[in-house]
Amino acid sequence: MNKTVLVTGGAGFIGSNFVYLLLDERPDWKVVCVDALTYAANIHTLNDAMKNPNFVFYKEDIRNREGIFDIFEKEHPDIVVNFAAESHVDRSIENPGIFLETNILGTQVMMDACRKYGVERFHQVGTDEVYGDLPLDRPDLFFHEDTPIHTSSPYSTSKASADLLTMAYHRTYGLPVTISRCSNNYGPYQFPEKLIPLMINNASQDKALPVYGEGLNVRDWLYVKDHCYGILAVLEKGKVGEVYNLGGHNEKANIEIVKIILKELDKPESLITYVTDRKGHDKRYAIDPSKANAELGWGPTTMFADGIKLTVQWYKDHMDWMRECSSGDYMKYYEEMY
Ligand code: NAD
Ligand code: TDX
């Protein structure tokens, strides 16, 4: 059946992977991408999508009510998937304001447009960071959908606020919403400020690899395509008003990840440099994805050992893309950070 899906943040990391997944897997759907093209976007990521007649791109800010309403007026989406966000924890510590504006107020604008024009689903792309962190010495503990919200950073607080607002729009106005909360993603098209592409970028140039604290913080890594399949499963099989945790059962300490990357690139561990820890640094994230397994039949299919090889190879093959991202603005940020 033909559907029009409006994807916000589709020029960023996960949003662009989702755009490509939809164009491949649902060839009779129209994909409308809305992205403000912030520093985190690279328009060349969408070069192939632009050639597809089922794809249309709008450069627009989700905070701009008038502009967003105009797009709804023209496109009348059936489904809206909201990826657009300020997504980097370190930047939220330096400058929280824009996180509150985009992640909370931008989400409100998107849901107001959905209310006005009517949609069959508004899907909010959320994060496991809303649950706070788990202790390193309790490997038996996991985040469940009913784990209390307990945020640490301005980023996770803004995402938690957006989730709460999404549920409020469901209860108060009957908006047909779903939320997915995912663990750390890795794969192609991730901006090189995030751990994995940053380390690949630096190691490829024999630059120091800045590891926060002792590198013992743990994240649960999921290949981006598996996340995108999870979102599609929520859209097609998920129940309105529900939250679904999507995770990989693939926990690794940061230092393990860095050493795996060095091995893949055949670079020495002497590049590792321990730097001042992130303020309020969450210790461990670990998702229990059993609800998504049981209700949606979803689970990750990419083993980390394979996914990380694919990822390192992708960045080696796309150094031009990496250089485009590492423009003047990004280098200024990088030099201030490290
Ligand atoms: P990203 O930073 O790579 O991409 C974000 C995109 O949103 C960019 O293209 C940017 O231009 C766009 N954007 C930012 N502000 C905008 C605005 N005001 N209006 C319109 N577009 C705007 O982020 P990502 O890693 O792809 O994350 C996508 C979503 O998934 C976010 O909501 C994030 O919170 C969530 N998430 C990410 C991860 C992860 O590991 N990366 C894990 C769980 C959840
Ligand atoms: O240079 C670095 N050195 C380092 O040790 C960077 C950039 C990170 N780290 C550590 C901090 C974290 O423990 O690596 C871990 C991963 O860091 P990020 O890539 O910044 O991700 P994280 O803070 O875990 O948040 C990510 O996952 C959840 C995404 O950026 C969020 O958008 C998502 O919601």
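Analyst: What follows covers the two ligand shells, and then some residues elsewhere in the chain.

This is a predicted model, in which local features need pLDDT of at least 70 and side-chain atom pairs count only at pLDDT 80 or more, while totals for chains, interfaces and linings use all residues; side-chain values use heavy atoms, without hydrogens and water. Residues are numbered from 1 along each chain as its sequence is written, with chains lettered from A and ligands numbered from 1 in the order in which they are written.

Ligand 1 is surrounded by 29 residues, the closest being Ile14, Asp35, Ser87, Tyr155 and Lys159. A residue is counted as near a molecule if one of its heavy atoms lies within 4 Å of it. By class, this shell has 14 nonpolar, 10 polar and five charged residues. Here Ala, Val, Leu, Ile, Met, Phe, Trp, Tyr, Cys and Pro count as nonpolar, Asp, Glu, Lys and Arg as charged, and the others, Gly among them, as polar.

Several polar contacts (pairs of N or O atoms within 3.5 Å) can be named for ligand 1. One oxygen atom of ligand 1 is 2.8 Å from a polar backbone atom of Ile14. An oxygen atom of ligand 1 also lies 3.0 Å from a polar backbone atom of Thr38. The side chain of Asp61 has an N or O atom 2.8 Å from a nitrogen atom of ligand 1. On its own, ligand 1 has 840 Å² of accessible area, and the protein covers 97% of that. Such areas come from the Shrake-Rupley method with a 1.4 Å probe.

Helix H1 (13-25), strand E5 (121-127), helix H6 (154-173) and strand E7 (184-186) are the elements that give two or more residues to the shell around ligand 1. Of the elements, E5 gives the most, with three residues. Helices (H or I, at least four residues) and strands (E, at least two) are DSSP runs, numbered from the N terminus.

Ligand 2 has 22 residues around it, and Glu129, Tyr155, Arg219, Arg278 and His281 come nearest. The shell around ligand 2 divides into 10 nonpolar, seven polar and five charged residues. An oxygen atom of ligand 2 lies 2.8 Å from a backbone N or O atom of Ser87. Arg219 has a polar side-chain atom 2.8 Å from an oxygen atom of ligand 2. A nitrogen atom of ligand 2 is 2.8 Å from a polar backbone atom of Pro210. The protein covers 94% of the 650 Å² of accessible area that ligand 2 has on its own. Helix H7 (195-204) and strand E8 (209-212) each supply at least two residues of this shell.

Two loop residues follow. Leu37 has a phi near 55°, a positive value in a residue other than glycine. Leu37 is in the loop between strand E2 (30-35) and helix H2 (47-50), and at 28% relative accessibility Leu37 counts as partly exposed. His249, in the loop between strand E10 (243-246) and strand E11 (251-253), has a phi near 45°, also positive in a residue other than glycine. With a relative accessible area of 52%, His249 is exposed. Buried means under 20% relative accessible area, exposed over 50%, and partly exposed in between (1.4 Å probe, protein chains only).

Definitions and conventions: Polar contact = N/O pair within 3.5 Å; in protein donor to acceptor, adjacent residues only side chain to side chain.
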